[in-house]
Amino acid sequence: MTRKYELVYVVSPEASDDQVTDLHNQVEAIVQRFSGSSIEKTDNWGRRRLAYEIGRHKEGTYVLEVINGTGELMKEIDRRIKVTDLIIRHLVVRVDEAQGVIERTKAARSATSQRRRVARGLPADRQPGEGQRGDADDDRDDRFDMGMDRDRDRDRGVDR
Amino acid sequence: MNGRKSFGPKKGGRAGAGAQGKDGQRRPMFRRRKVCKFCADKIDDINYKDSKLLLPFVPERAKILPRRISGTCALHQRKLRVALMRARQLALVPYTAE
């Protein structure tokens with residue numbers, strides 16, 4: 001049963017670029033040992049600040065690998081990573097099901113919008129230049145507004 | 001709705017309830033209706049890798065912002081929580097404030 005997984009690992013900041021590539025090659029080697037599995041994508045996010053200290057490290061190199069494979073494969077990769085001292089943190093997430101859900105919601109949404117547009121006598125797809133009024137000027141983030149804006153607007157004499 | 005009078009008219013404490021009530025009548029306590037960011041922006045994928053998206057939901061103390069403040073709908077709050085917990089594991093988002 002082939003599934004899609006995402007593996008993110010944080011490499012210690014002391015590691016050189018060669019060592020990071022070497023770790024990637026190690027993962028690749030394990031993937032190749034299992035038939036029918038493959039690495040779909042590799043993405044090196046580069047060096048990033050950690051949100052909190054891990055051990056004594058404040059930074060780390062993040063690497064993302066999208067892997068098609070079985071649970072057995074991921075178990076093996078997980079085991080190998082756990083014993084690798086250079087990797088200070090890692091996470092394996094299964095993504096195929098969640099991606100399916102996302103695609104279905106997107107499809108459902110566009111279907112609904114097309115149906116509604118047709119029912120209103122409009123072409124099914126949005127025309128260029130067509131937009132909702134007030135779309136552009138409401139880009140300010142007011143999710144945490146608890147009335148401060150209202151006070152400020154009143155002080156400035158803005159009428160809403 | 002009257003839980004946050006402190007955000008209301010800027011009257012000193014001495015002014016008392018009468019003045020505030022009068023002011024309140026002229027300008028009834030109005031708070032903009034909160035909308036779920038993810039519903040409004042049609043964000044289907046609340047991804048743990050997207051720290052730019054997640055960080056507004058992590059206030060100073062690094063606790064997850066409750067729904068009653070952010071206005072996130074129940075469905076998206078659940079997804080947000082999972083994403084935040086994954087991001088925390090990877091040190092993209094803090095567990096606590098230092």
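Reader: What share of the contacts in chain A with a separation of 6 or more comes from residues 24 or more positions apart?

Author: In this predicted model, such residues account for 74% of those contacts in chain A, two residues being in contact if their C-beta atoms, placed from the backbone, lie within 7 Å. Residues are numbered from 1 along each chain as its sequence is written, while chains are lettered from A and ligands numbered from 1 in the order in which they are written. Local features need pLDDT of at least 70 and side-chain atom pairs count only at pLDDT 80 or more, whereas totals for chains, interfaces and linings use all residues.

Reader: What makes H3(A) hardly covered?

Author: A residue is buried if 20 or more other C-beta atoms lie within 10 Å of its own, exposed if 12 or fewer, and partly exposed in between, with C-beta atoms placed from the backbone. Among the 24 residues of H3(A) the count of buried residues is zero, so the helix is hardly covered. Of the 160 residues of chain A, 13% count as buried.

Reader: How do you know that the length of helix H3 of chain A agrees with its number of residues?

Author: The expected span is 1.5 Å times one less than the number of residues; the 24 residues of H3 (residues 96-119) should therefore span 34 Å, and the end C-alpha atoms are 35 Å apart, which agrees. Just after H3(A), A:Gly121 takes a positive phi of about 80°.

Reader: Why is the pattern of chain A written β-α-β-β-α-β-α-α?

Author: Helices (H or I, at least four residues) and strands (E, at least two) are DSSP runs, numbered from the N terminus, and chain A has four helices and four strands, which follow that pattern along the sequence.
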